[in-house]
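Please open the structure in your viewer and keep the selection tool at hand.

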Amino acid sequence: MLEIKNIETFYTLIYALRGVSLAVDEGTVTAILGNNGAGKSTILKTVMGLLDDQPDKGTIEFLGKRIDGKDPEVIVRMGLSYVPEGREVFDELSVKENLLMGAYIRRDRAAIKRDFEQIYAYFPVLKEREAQWAGTLSGGEQQMLAIGRALMNRPKLLFLDEPSLGLSPILVRDIFKIIKTINQEGVTILLVEQNARMALSISDIGLILENGRFVMKGEAKELMEDKDVQEFYMGMKSEESAKGFQRWKRKKRWR
Amino acid sequence: MFLQLVVSGISFGSLYALIALAMVIIYKTSEVPNFGQGEMAMISTFVAFTLLVTHGYSFVVSFIGAFIFAAALGIFLEFVFLRRAKDPNILSLILITLGFEMVLYGLASWKWGADQRNFPFPVSDFDVIHLGSAVISYLNIATLLITLLLMFMLFLFFRYTKVGIAMKATQQNAMAARINGIRTNRILSITWALSSMIGAVAGMLLAPIATLDPNLMLEPLLKGFAAAVLGGMTTLVGAALGGYILGVLENLFGGYVSLEFKSIVAFLIIVLVLCFKPSGLFAKHYVRKV
Ligand SMILES: Nc1ncnc2c1ncn2[C@@H]1O[C@H](COP(=O)(O)OP(=O)(O)O)[C@@H](O)[C@H]1O
Ligand SMILES: [Mg+2]
């Protein structure tokens, strides 16, 4: 459904993506894991067309059509939606208006109304806060709103950038449950996360990004069993690595 | 005398309010105070005058023609000049709008000269009604009513129309607007068109009271800017209130203190606001701009 081939992205002189390839199959949940600064967000931004004149190299196809070089306004109309890192809701619009802006590209009034109900069913608290400015919501509520707004686009493929960021563990679990539900309703999902355990638990495929390159790819189940992944991304200590040398050596091996 | 000063202050205040609104609408989207606003309004008023007097069209046709011109001018200036600025900072943007000011002023002087003309208007400035001890002209009443109507329409526009809400969304978070399919470039054009038309209304209401020449909007622009600063550059309601407050304060100052120095009220207000409450009297403290 999404086919990224060997893209390279620069922020002026910073070489952020160093040849990234990725295929997302319809109906799946794919997780991109990696530490801060690895370039996870940059992948999503590049695909969404948010970075001027990027990717510098490589191609991106969505549903068989080239989308590299296209504007986000065009890409979202093709069925690719994006929940940005840090939520980015419209602070001084009401919850309802935020969702309405999610439906900006649509004309099907009846279906829009049904989708409102659907989103309020996923996130009942949004219904309660309907008339409130989004800026006055808590972080978790804003995350729900950002997801709801993207769903109002009626996406075929949904990008989520660190939906767990800054949320309490219970809230994270709730949100991931709903992400899984959304997937089961037929929306393909590409998820970027630092919370590897949570992300892999709902994913089919996982990829690990380091310094702008993928260093590992596999079924989510396999990755969860993998010693290195456990140690470096799920915070499980393996015994002999107390001095850190082993750790460094193992990390080194990946590149 | 007090009542009279207040009444005519409110009438002038309406014009300041319109200019302040026009400036704030642009400021919220393009993040620059548009110092070309006054001259854009002045030229549009000249276009109305030309259609009306030189070509003899009716009021309706002339005014509609002027509004279309104003909208086109706004779109043109933003698209051709402001949008070209790469990685603009506030200073370079202000310089561009000052450029509009000078170019438009020069154009108007060249095309229409410095003659002072009478701008015909369908409502009389000489017929008055009495309000207790004060008199108010039909034109003043019309100015007030038109301004209030326009503000009400703006309120409805930003509250209930999809484009209006999308405009606010773009002002608050352009990236988020784009990923939801809002064509922010088009919103920019609409913003400038709308603002320019509001300015044109102010020009066409002012011209029959003053005389029409290229200097028409020089002072009113600064007053409108002061009103916007007073109310808070980020709030439409505040800008409008700022206009009325300034109009009344200025008139009272002119009546009781000194007519010659009436104009300094606006500058005093700018200085005081910037010293004590830079966000303006009515800005909600919730602005998260990057
Ligand atoms: N706007 C930007 N300008 C310059 N460098 C940036 C910008 N955004 C990100 N980077 C750099 O690109 C790299 C990848 O960033 P990012 O994609 O945000 O990482 P992640 O999302 O994995 O934490 C980092 O080194 C970061 O410093
Ligand atoms: Mg990131």
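Across all chains, a search of the whole structure finds 11 salt bridges. The model is a predicted one, and every distance and angle quoted here is computed from it. Side chains of opposite charge can pair when their charged atoms come close. The tour starts with several such pairs.

**Stop 1**

Select B:Glu78 and B:Arg83. These two residues form a salt bridge, and their closest N and O atoms are 2.8 Å apart. Which of the two is buried, and which is partly exposed? B:Glu78 counts as buried because its relative accessibility is 2%, under the cut-off of 20%. B:Arg83, at 23% relative accessibility, counts as partly exposed.

**Stop 2**

Move to B:Lys223 and display B:Glu219 with it. The salt bridge between them has its closest N and O atoms 3.0 Å apart. Both residues belong to helix H9 of chain B, which spans residues 218–231. They are separated by 4 residues, about one turn of the helix. B:Lys223 counts as buried, with a relative accessibility of 7%. B:Glu219, by contrast, is partly exposed, at a relative accessible area of 43%.

**Stop 3: a charged network in chain A**

Turn to chain A and select A:Arg106, A:Asp108, A:Asp115 and A:Arg154. Salt bridges that share partners join these residues into one network.

Keep A:Arg154 selected and inspect its backbone. A:Arg154 is placed in the loop between helix H6 (139–152) and strand S7 (157–161) of chain A. Its phi is near 60 degrees, a positive value in a residue other than glycine. A:Arg154 is also partly exposed, with a relative accessible area of 45%.

**Stop 4: further backbone features of chain A**

Most residues other than glycine have a negative phi, and most peptide bonds are trans.

Select A:Leu63, in the loop between S4 and strand S5 (65–66) of chain A. Although A:Leu63 is not a glycine, it has a positive phi of about 50 degrees. The residue is partly exposed, its relative accessible area being 37%.

Next, select A:Gln54 and A:Pro55. What is the geometry of the peptide bond from A:Gln54 to A:Pro55? This bond is cis, with omega near 5 degrees. A:Pro55 is found in the loop between H1 and strand S4 (57–62) of chain A.

**Stop 5**

Select ligand 1 and show the residues around it: A:Tyr11, A:Ile14, A:Ala16, A:Asn35, A:Asn36, A:Gly37, A:Ala38, A:Gly39, A:Lys40, A:Ser41 and A:Thr42. By class, this shell has 4 nonpolar, 6 polar and 1 charged residues. Strand S2 (14–24) and helix H1 (40–48) of chain A each supply at least two residues of the shell. H1 of chain A gives the most, with 3 residues.

- A backbone N or O atom of A:Gly37 lies 2.7 Å from an oxygen atom of ligand 1.
- A polar backbone atom of A:Gly39 is 2.9 Å from an oxygen atom of ligand 1.
- An N or O atom in the side chain of A:Ser41 is 2.7 Å from an oxygen atom of ligand 1.

Taken alone, ligand 1 exposes 560 Å², of which the protein buries 63%.

**Stop 6: a nonpolar patch on chain B**

Return to chain B and select B:Leu222, B:Phe261, B:Ile264, B:Phe267, B:Leu268, B:Leu272 and B:Phe276. Together these residues form a nonpolar patch on the surface, with about 710 Å² of accessible area. Which helix gives the most to the patch? Helix H11 of chain B (residues 264–276) does, with 5 residues. One residue of this helix is B:Phe267, which is partly exposed at a relative accessible area of 39%.

Note on methods: Residues numbered from 1 in each chain as written. Chains lettered and ligands numbered in written order. Predicted model: local features only at pLDDT ≥ 70, side-chain atom pairs only at ≥ 80, totals over all residues. Heavy atoms only, no water. Patch = residues over 30% accessible without salt bridge, like charges linked within 9 Å, V, L, I, M, F, W, Y side chains within 5 Å. Areas by Shrake-Rupley, 256 points an atom, 1.4 Å probe, with all protein chains shown as cover. Salt bridge = Lys/Arg side-chain N within 4 Å of Asp/Glu carboxyl O. Buried < 20%, exposed > 50% of the residue type's maximum accessible area, 1.4 Å probe, protein only. Near = heavy atom within 4 Å. Polar contact = N/O pair within 3.5 Å; in protein donor to acceptor, adjacent residues only side chain to side chain. Nonpolar A, V, L, I, M, F, W, Y, C, P; charged D, E, K, R; others polar.
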